Amino acid sequence: MRTATYFFIFLNLSLALFEEPAVYPLPFLATSVLEVVCLLVFLGRLTHFAKVTLHNVFWKDTKNICIMVAILLSLTDLAVYGVLRLYGVRSIRWSRIVRPVFLINFAESRQIRRAFRSIRNTLPEITYVFLLFMFSLLMFSLMALKLFGERNLQTAEGLPYFRNYLEIVFDLYVLVTTANSPDVMMPAFDFSSWYALFFIAFVIVNTYIFMSLFLAVVYNNYKKHLKVMPGGTCD
């Protein structure tokens, strides 16, 4: 039962690769039939679980409620999408976002649920570090606007360079990953080599210091919450 459950969960999640917009497109009828089969298996698994569980215990378990709601939402969305498709109306399969619910909430997924709970408990504790990082990013973006915005610099493509605050925030955010380095600083560097100091300081503060701090906080808190809860259970 565990192997079958995991197989159909994997099949249900992998349908995103074949549904529009798809990496490997398949006809809508094929994907919809596969999804209905998966949902019927999930419903059968839930029914089987209800047969061997006390009635009041089954309905008090939020995991079972989440699975039933996810099945209902998926079937409703599939039906609405199919009807709109018949009339030539384009729509979005919004129920795809609920598919991970099946992976997390089935009884066989205790370890996955444990990891998910650890991630959820870690998020509030890393908020302060994230807010400090965002404050640093916004301040550096404001400095970049003041330094380069009034110098009428242009990129290699002839576009305005660092004149829009939101675009600066995005470019510097990408620079944290060094994905656009050194291209992002070349217009300023060509104007004056001293401007390279601004980007060097930005990378040191945000990439090396804040990202290392962020990683340390995430690791330590996740490791703390991943420990087995009192009573030797993870549920």
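Reader: Which residues of helix 1 are buried?

Author: In this predicted model, helix 1 covers residues 2-14. Helix 2 (28-51) and helix 5 (100-105) are among the elements that cover its buried positions. Those buried residues are Thr5, Phe8, Ile9, Leu11, Asn12 and Ser14.

Reader: What distance separates the end C-alpha atoms of helix 1, and what span should its residues give?

Author: Helix 1 has 13 residues, and at 1.5 Å a residue they should span 18 Å. The end C-alpha atoms agree with this expectation, because their separation in the model is also 18 Å.

Reader: Which feature does UniProt place at residues 1-16?

Author: Over residues 1-16 the chain is 81% helix and 0% strand, with end C-alpha atoms 24 Å apart. According to the unreviewed UniProt entry, the feature at these residues is "signal peptide".

Reader: Why does the pair of Glu19 and Arg93 tie together parts of the chain, and how many residues apart are these parts in sequence?

Author: The two side chains form a salt bridge in which the closest N and O atoms are 3.7 Å apart. Glu19 belongs to the loop between helix 1 and helix 2, whereas Arg93 belongs to the loop between helix 4 (62-86) and helix 5, so the parts tied together are separated in sequence by 74 residues.

Reader: Is Asp77 buried or exposed?

Author: Asp77 forms a salt bridge with Arg93, with 2.7 Å between the closest N and O atoms. Asp77 lies in helix 4 and Arg93 in the loop between helix 4 and helix 5, so this pair ties together parts 16 residues apart in sequence. The relative accessible area of Asp77 is 2%, and buried means under 20%, so Asp77 is buried.

Reader: Which residues do salt bridges that share partners join into one network?

Author: Arg93 counts as buried, at 6% relative accessibility. Salt bridges with shared partners link this residue into one network, whose members are Glu19, Glu35, Asp77, Arg93, Arg96 and Arg99.

Reader: How far apart are the centres of domain 1 and domain 2?

Author: The domain assignment gives domain 1 as residues 1-108 and domain 2 as residues 118-228. Taken over C-alpha atoms, the separation of the two centres is 39 Å.

Notes
Residues numbered from 1 in each chain as written. Predicted model: local features only at pLDDT ≥ 70, side-chain atom pairs only at ≥ 80, totals over all residues. Heavy atoms only, no water. UniProt positions renumbered as here; feature names shortened; annotations may be inferred. Helix = DSSP H or I, 4+ residues; strand = E, 2+ residues; numbered from the N terminus. Expected span 1.5 Å × (residues − 1). Buried < 20%, exposed > 50% of the residue type's maximum accessible area, 1.4 Å probe, protein only. Contact = heavy atoms within 4.5 Å. Domains from an automatic or database assignment. Salt bridge = Lys/Arg side-chain N within 4 Å of Asp/Glu carboxyl O.
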